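Look over the structure before reading on.

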Amino acid sequence: MILYFSGTGNTRYAAQELGHLLDDNNVADMASFFSCGKITESAGERVVWCFPVYSWGVPPVVENFIKTVDFPSASQAKHYMLATCGDDAGLTDKQWRKLMQSRAWRDVGAHTIIMPNIYVLMKGFDVDPIEIVDKKLEEAPFAIKRISESIINGGPDTLIPGAFPGVKSRIIFPWFKKFAMSAKPFHALPGCTGCGLCSRSCPMGNIDMDAEGPRWNDKCAMCLRCYHICPQHVVAYGKSTDGKGVYRKLLSK
């Protein structure tokens with residue numbers, strides 16, 4: 001079984017490609033299980049947890065899901081991580097292993113893969129230039145193939161910790177979770193047509209529509225799907241997104 005959480009399609013793409021290479025047709029969106037909190041289908045011989053790296057850590061929405069999901073057959077499976085990141089992943093693999101161990105699930109292998117940057121909510125962060133996007137997407141299938149071979153053959157982890165991984169994952173990531181994950185700055189700029197695409201697309205069901213347009217509630221996963229999917233490019237996050245680009249390459253794949 002391959003479980004993924006994806007905001008803009010990067011991780012969904014990686015999960016689906018990996019499923020094809022592992023001959024595993026059971027590729028499922030974690031969000032489809034959020035409301036019920038349980039997975040009744042068989043985990044099979046292995047479970048691959050696929051998610052994007054959030055500021056050098058496991059996304060809180062994924063962390064909470066792993067901690068609380070009712071998944072009886074998971075205890076018999078081998079568990080793997082496939083995390084997508086824009087540049088590097090810090091110690092995300094260690095965080096994921098601790099989560100697996102907290103459930104007494106067997107953590108066998110952890111892998112990271114570079115995909116296009118999509119984070120735009122802080123100063124200095126923007127989407128990649130198109131030539132870098134194309135280069136990353138061109139290289140991704142080869143990286144996923146290497147990861148699939150490692151999983152099949154019991155090979156080593158393939159990780160991209162980057163520089164100062166301890167500082168990033170043990171200091172910056174906790175700060176990010178505490179101070180940079182509020183949905184309150186989200187709003188629609190003038191020019192919003194009220195199409196409701198942001199609301200319909202939100203994996204958390206966190207966006208309501210009213211006469212004035214979209215309204216964000218307090219269940220935001222900070223996946224940025226609403227920002228990148230808006231056809232008018234009028235979803236904003238305070239002033240942090242002023243002049244920032246969008247990433248739509250894999251949104252509808």
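A pocket is an open set of grid points with protein on both sides within 12 Å along at least five of seven lines, and its lining residues have an atom within 4 Å of a point. The model is predicted.

## The second largest pocket

By that definition, the second largest pocket is lined by T112, I113, I114, K136, E139, A140, A143, R146, I147, T158, L159 and I160. About 210 Å³ of space lies in this pocket.

Strand β5 (106-114) and helix α4 (130-153) each supply at least two of its lining residues. Helix α4 has the largest share, with 6 residues. Sorted by class, the lining of the second largest pocket holds 7 nonpolar, 2 polar and 3 charged residues.

## The largest pocket

The largest pocket has a volume of about 660 Å³. It is lined by 29 residues, and V53, S55, G86, N117 and Y119 are the closest to its centre.

Which elements each supply at least two residues of this lining? They are α1 (10-21), β4 (78-85) and α5 (165-179). Helix α5 gives the most, with 3 residues. The lining of the largest pocket divides into 16 nonpolar, 10 polar and 3 charged residues.

## The cavities

How many cavities of 30 Å³ or more does the structure hold? There are 2. Of the 15 residues that line it, C192, C195, G196, C198 and C230 are the closest to its centre. Its lining has 11 nonpolar residues, 4 polar ones and no charged ones.

The second largest cavity has a volume of about 80 Å³. Its lining is made of C202, P203, N206, I207, W216, C220, A221, M222, C223, L224, R225 and C226. By class, 10 of these residues are nonpolar, 1 is polar and 1 is charged.

## Helices α2 and α3

Helix α2 spans residues 60-68, and helix α3 spans residues 92-102. Their axes come within 9 Å and cross at roughly 20°. Why do α2 and α3 count as roughly parallel? Angles under 35 degrees count as roughly parallel, so α2 and α3 are roughly parallel to each other.

The crossing of α2 and α3 is right-handed. On the α2 side, the contact is made by E63, I66 and K67. On the α3 side, W96, L99 and M100 make it. The residues of this contact divide into 4 nonpolar, no polar and 2 charged.

Note on methods. Residues are numbered from 1 along each chain as its sequence is written. This is a predicted model: local features need pLDDT of at least 70, side-chain atom pairs count only at pLDDT 80 or more; totals for chains, interfaces and linings use all residues. Side-chain values use heavy atoms; hydrogens and water are left out. On a 1 Å grid over the protein atoms alone, a cavity is a set of points where a 1.4 Å probe fits but cannot get out, and a pocket is an open set with protein on both sides within 12 Å along at least five of seven lines; lining residues have an atom within 4 Å of a point. Grid points are joined across faces, edges and corners, and a volume is the space filled by probe spheres set on the points. Ala, Val, Leu, Ile, Met, Phe, Trp, Tyr, Cys and Pro count as nonpolar, Asp, Glu, Lys and Arg as charged, and the others, Gly among them, as polar. Axes are lines fitted to C-alpha atoms, for helices over the stretch in contact, and angles run from 0 to 180 degrees between N-to-C directions. Helices (H or I, at least four residues) and strands (E, at least two) are DSSP runs, numbered from the N terminus. Angles under 35 degrees count as roughly parallel, over 145 as roughly antiparallel, 65 to 115 as roughly perpendicular and the rest as oblique. A crossing is left-handed if the near helix is turned anticlockwise from the far one by less than a right angle, and right-handed if clockwise. Contact means heavy atoms within 4.5 Å.
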